[in-house]
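Thanks for coming. I will show one model and talk through a few parts of it.

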Amino acid sequence: MACLFSTNKITYLKTKEGRDYILDQSLDEIEKTIEAEQFFRISRKHIVAVDSIKEITAYSNSRLKLSLQVDFEEELIVSREKVNDFKLWLS
């Protein structure tokens, strides 16, 4: 699994092969069941897997922008409130 995301109140799982699957649970419910060492919720709409992150770049207002190893149409931005926790999670 590369990431989980929510769009229009529908939750999706994106595989490392680039396929999307609809899930029955919300991101809040999923976040309680996944391994914290492997996955991080970067925003209200996105949870990413550590091994799917290809690149991290600085973004405006002290945020970070992520690129994944799979194509992802939306920008993946680590929210300001989560940047410090995200950096700790990576180390």
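With which side chain does the side chain of H46 make a polar contact? The partner is the side chain of S43, at 3.1 Å; a polar contact here is a pair of N or O atoms within 3.5 Å, where within protein one must be able to donate a hydrogen and the other to accept it, and residues adjacent in sequence count only if both atoms are side-chain atoms.

Some housekeeping. This is a predicted model, where local features need pLDDT of at least 70 and side-chain atom pairs count only at pLDDT 80 or more, while totals for chains, interfaces and linings use all residues. Residues are numbered from 1 along each chain as its sequence is written, and side-chain values use heavy atoms, with hydrogens and water left out.

Back to H46, which lies in strand β5, residues 46-49; strands are DSSP runs of E, at least two residues, and helices are runs of H or I, at least four, numbered from the N terminus. H46 is buried, with a relative accessible area of 5%; buried means under 20%, with a 1.4 Å probe and protein chains only. Not counting residues up to four places away in sequence, H46 touches residues including L4, F40, F72 and L76, contact being heavy atoms within 4.5 Å.

Next, the sheet. Three strands form an open sheet in the order β6-β7-β8, with antiparallel pairing; strands pair if DSSP finds at least two bridges between them. At the edges are β6 (53-59) and β8, each pairing on one side only. Six bridges join β6 to β7, and E55 stands opposite S67 in β7.

Conventions: Buried < 20%, exposed > 50% of the residue type's maximum accessible area, 1.4 Å probe, protein only.
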